[in-house]
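Please describe this model in a short report.

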Amino acid sequence: MPHPIKILPVAQNWDCHTCGDCCRRMEAVITDEEKRRIEALDLADDPEVAPKPWFRPASGDKWSLAHRPDGGCVFLTGKNYCRIQERFGAEVKPFVCRLFPFLLIPAGNQWRVGMRFSCPSAAANRGRPVAQSEKDLIELSRLLEKHVGRSADSAPAPPLRPGQQVAWPELLRAVQVLTEIVKDRGDRVERRLRRCLAVARIGAQAKLENLSGNKISEFLKVVSAGLEPEIPGTATDVALPDRVLGRLLFRVLLAIYARKDRGVSGKPGVGGRIARVRDGWQFARGHGHVPRINESMPEITFGEVEARPGMPPELDETLERYYTVKLSSMQFCGPSNFDLPFWAGVESLVLTFPMILWLYRAFGDRPPAEALQCAIQLVDDHFGGDRMLGLPHIRHLQRTLVERGELEKLVAWYGR
Ligand code: SF4
């Protein structure tokens with residue numbers, strides 16, 4: 001019997017510090033059974049609970065927890081506690097709230113553990129080592145199997161590219177090669193990601209479906225070693241992104257990744273659909289003041305962001321942790337990232353790097369570690385979860401950046 005979960009291969013820490021951010025931001029979708037269970041609790045006259053309705057219809061027979069006008073979940077107390085947990089225990093909470101910020105991703109005969117770095121505690125690596133939560137995660141994996149009605153081995157492996165299928169063990173070997181590149185401290189993280197992109201480019205052209213056992217990892221290691229002399233040694237050796245194709249498309253996508261409609265303060269205030277279109281247009285132009293599309297955004301111009309210094313090398317470790325978790329959890333492809341094939345998922349993950357580093361510069365009036373955490377939180381809130389990123393025209397923009405060689409240049413430009 002295989003171990004039911006695969007814990008993270010990095011020293012990632014986490015404990016909930018009850019900031020309440022997830023309870024303001026997350027759309028918690030629950031089952032009909034969970035709704036009935038909550039309704040049966042003695043909560044209606046609780047002064048800490050908002051008046052009904054507590055639920056809004058979601059798709060199918062699902063429901064989502066309603067939010068108060070200030071953005072908080074109807075069960076969030078004035079002290080940022082979940083009232084259901086406070087009075088009845090964590091096991092009574094909706095499953096999705098219990099699981100956050102963890103992700104359990106089916107991968108063959110195991111659930112692979114991932115994390116949402118939109119949780120400030122996960123981004124800041126605060127709390128106990130995740131390995132210490134193994135028992136809870138095993139219990140959650142069993143609950144998840146009941147919740148979704150299927151086991152980890154019921155999900156097919158995502159294709160490497162459309163139409164090219166390999167089994168889970170081979171796919172996991174491929175991800176292991178990429179994880180080793182990301183953990184190779186002989187380079188800055190910026191170059192490690194350019195190496196991943198180069199391997200993805202060759203991997204996506206190769207006929208890998210007939211390679212079994214260790215042959216895929218051996219092939220990819222040979223590719224990686226062979227490409228080594230071709231990959232510019234430092235970010236400044238890479239050509240600049242094209243002004244129109246590279247930078248404009250990047251900023252269009254950045255307007256999605258940098259957005260946060262609701263923050264810890266609970267202020268909804270950065271606008272609705274019209275504001276999104278207006279802000280998107282301003283991002284595309286890339287001149288003048290940066291629209292305030294999240295409550296952390298300071299008064300700053302696009303030009304000032306570009307002129308700010310890059311991230312110091314000592315913060316590479318934070319990004320190494322982030323990318324190792326995203327890769328090893330398999331969150332970057334398949335159902336947890338809009339059904340992207342493996343190599344396209346790698347590229348979409350690498351695209352988060354220039355996004356994070358642009359935001360790091362924008363938050364440059366904060367201490368560097370805090371600026372980076374804030375940038376990671378924002379970007380990861382969207383990665384794999386924001387429906388906008390799954391829209392065909394947005395995916396087309398991402399593909400264009402990759403196919404025209406602009407993604408590699410953007411990684412180098414913002415990693416310089
Ligand atoms: S965002 Fe993270 S730290 Fe904050 S309440 Fe949610 S789980 Fe806890």
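## The ligand and its pocket

The ligand sits in the second largest pocket. A pocket is defined on a 1 Å grid over the protein atoms alone, as an open set of points with protein on both sides within 12 Å along at least five of seven lines. A molecule sits in a pocket if more than half of its atoms lie within 2 Å of the pocket's grid points. This is a predicted model, in which local features need pLDDT of at least 70 and side-chain atom pairs count only at pLDDT 80 or more, while totals for chains, interfaces and linings use all residues. Residues are numbered from 1 along each chain as its sequence is written, and side-chain values use heavy atoms, with hydrogens and water left out.

Which residues are around the ligand? They are Trp14, Cys16, His17, Thr18, Cys19, Gly20, Asp21, Cys22, Phe100, Cys119, Pro120 and Ser121; a residue is near a molecule if one of its heavy atoms lies within 4 Å of it. By class, this shell has seven nonpolar, four polar and one charged residues. Ala, Val, Leu, Ile, Met, Phe, Trp, Tyr, Cys and Pro count as nonpolar, Asp, Glu, Lys and Arg as charged, and the others, Gly among them, as polar. Helix H1 (21-25) and helix H5 (120-123) each supply at least two residues of the shell. Helices (H or I, at least four residues) and strands (E, at least two) are DSSP runs, numbered from the N terminus.

## A sheet of three strands

Three strands form an open sheet in the order S1-S7-S6, with mixed pairing. Strand S1 (5-6) and strand S6 (102-107) each have a single partner strand and stand at the edges, so one side of each is left without a neighbour in the sheet. Two strands pair if DSSP finds at least two bridges between them.

S1 and strand S7 (residues 110-115) run parallel and are joined by two bridges. Lys6 has Arg112 in S7 as its bridge partner.

## Aromatic pairs

How many aromatic pairs are there? The count comes to 11, where rings of Phe, Tyr and Trp (its six-membered ring) pair if their centres lie within 6.5 Å, and planes under 30 degrees apart count as stacked, over 60 as edge-to-face and the rest as tilted. One of them is the edge-to-face pair of Trp54 and Phe55, with 6.3 Å centre to centre and 75 degrees between the planes. Both Trp54 and Phe55 are buried; buried means under 20% relative accessible area, exposed over 50% and partly exposed in between (1.4 Å probe, protein chains only). Ring pairs link Trp54, Phe55 and Phe75 into a cluster.

Tyr322 and Tyr323 also form an edge-to-face pair, at 4.9 Å centre to centre and 75 degrees between the planes. Tyr322 is buried at a relative accessible area of 0%, and Tyr323 is buried at 0%.

The peptide bond between Lys52 and Pro53 is cis, with omega about 5 degrees. Pro53 lies in the loop between helix H2 (32-39) and strand S4 (55-57). A cis bond also leads from Phe100 to Pro101, with omega near 5 degrees. Phe100 is one of the residues around the ligand, and Pro101 is in the loop between helix H4 (95-99) and S6.

Met330, which is not a glycine, has a positive phi near 70 degrees. Its place is in the loop between helix H13 (316-328) and helix H14 (342-362). Phe338, also not a glycine, has a positive phi of about 55 degrees and is in the loop between H13 and H14. Are these two residues buried or partly exposed? Met330 is buried, with a relative accessible area of 1%, whereas Phe338 is partly exposed at 22%.

Methods
On a 1 Å grid over the protein atoms alone, a cavity is a set of points where a 1.4 Å probe fits but cannot get out, and a pocket is an open set with protein on both sides within 12 Å along at least five of seven lines; lining residues have an atom within 4 Å of a point.
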